[in-house]
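Please keep the sequence and the model in view while reading.

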Amino acid sequence: MIKVGLVALLEARPGKEAVLADLLRSAQALAAQEPQTVVWYAFQSGPQSFGIFDAFADDAGRTAHLQGRIAAALMGRADELLASPPDIRNVDVLASK
């Protein structure tokens, strides 16, 4: 059962939108290798606005994800790709389908 999640809001540096989109697309393969990541979505909500939503059964899964390869890949290129630090929020999942 999904109980907790993360919302990461990302703002691309001008001219880096396509590179950030490609990085997020490639991260899907990494998410697929995380058994505790139940749901993982990368999205674009505006010309420079991107994000990730993922969900987990418990806090241990969320913590493992935050310490995993996707976070490392994103943070390793944050200065290059992001206009500001990522806005990462822990969320509690109230309902899901």
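## The buried side of helix α2

Helix α2, which spans residues 59-66, has G61, R62 and H65 as its buried residues, where buried means under 20% relative accessible area, exposed means over 50%, and partly exposed lies in between, computed with a 1.4 Å probe on protein chains only. An α-helix has 3.6 residues a turn, so residues three or four places apart point the same way. Helices (H or I, at least four residues) and strands (E, at least two) are DSSP runs, numbered from the N terminus.

This is a predicted model, in which local features need pLDDT of at least 70 and side-chain atom pairs count only at pLDDT 80 or more, while totals for chains, interfaces and linings use all residues. Residues are numbered from 1 along each chain as its sequence is written, and side-chain values use heavy atoms, with hydrogens and water left out.

The buried residues of α2 pack against β1 (4-11), β2 (37-44), β3, α3 and β4 (87-92), a contact being heavy atoms within 4.5 Å. At the start of α2, the backbone nitrogen of A60 has a side-chain oxygen of D58 within 3.2 Å.

## R62 and its partners

R62, a residue of helix α2, counts as buried because its relative accessibility is 8%. The side chains of R62 and D59 are joined by a polar contact of 2.5 Å, the term standing for a pair of N or O atoms within 3.5 Å; within protein, one must be able to donate a hydrogen and the other to accept it, and residues adjacent in sequence count only if both atoms are side-chain atoms. Not counting residues up to four places away in sequence, R62 touches V4, G5, L6, F56, N90 and V91.

L6 lies in strand β1 and counts as buried because its relative accessibility is 4%. Although L6 and A55 are 49 residues apart along the chain, their C-alpha atoms are separated by 6.4 Å. Leaving aside neighbours within four places in sequence, the contacts of L6 include F56, R62 and H65, as well as I88, R89, N90 and V91.

F56 is found in strand β3, residues 49-56, and its relative accessibility of 0% is why F56 counts as buried. F56 and G5 are 51 residues apart in sequence, yet 5.8 Å apart in space, C-alpha to C-alpha. Beyond four places in sequence, F56 touches, among others, G61, R62 and H65, which are the buried residues of α2.

G68 lies in the loop between α2 and α3 and is buried because its relative accessible area is 17%. From C-alpha to C-alpha, G68 and E34 are 8.6 Å apart in space and 34 residues apart in sequence.

L81 belongs to helix α4, residues 78-81, and its relative accessibility of 1% is why L81 counts as buried. L81 and E11 are 70 residues apart in sequence and 8.5 Å apart in space, C-alpha to C-alpha. Not counting residues up to four places away in sequence, L81 touches E11, A12, R13, K16, V19, L20 and L23.

## An enclosed space

How many cavities of 30 Å³ or more does the structure hold? The structure holds one, and the largest cavity has a volume of about 30 Å³. On a 1 Å grid over the protein atoms alone, a cavity is a set of points where a 1.4 Å probe fits but cannot get out, and lining residues have an atom within 4 Å of a point. Grid points are joined across faces, edges and corners, and a volume is the space filled by probe spheres set on the points.

The lining of the largest cavity is formed by L23, L24, A27, I52, I70 and L74. Helices α1 (17-32) and α3 (69-76) are the elements that give two or more residues to this lining, and α1 provides the largest share, three residues.

Definitions and conventions. On a 1 Å grid over the protein atoms alone, a cavity is a set of points where a 1.4 Å probe fits but cannot get out, and a pocket is an open set with protein on both sides within 12 Å along at least five of seven lines; lining residues have an atom within 4 Å of a point.
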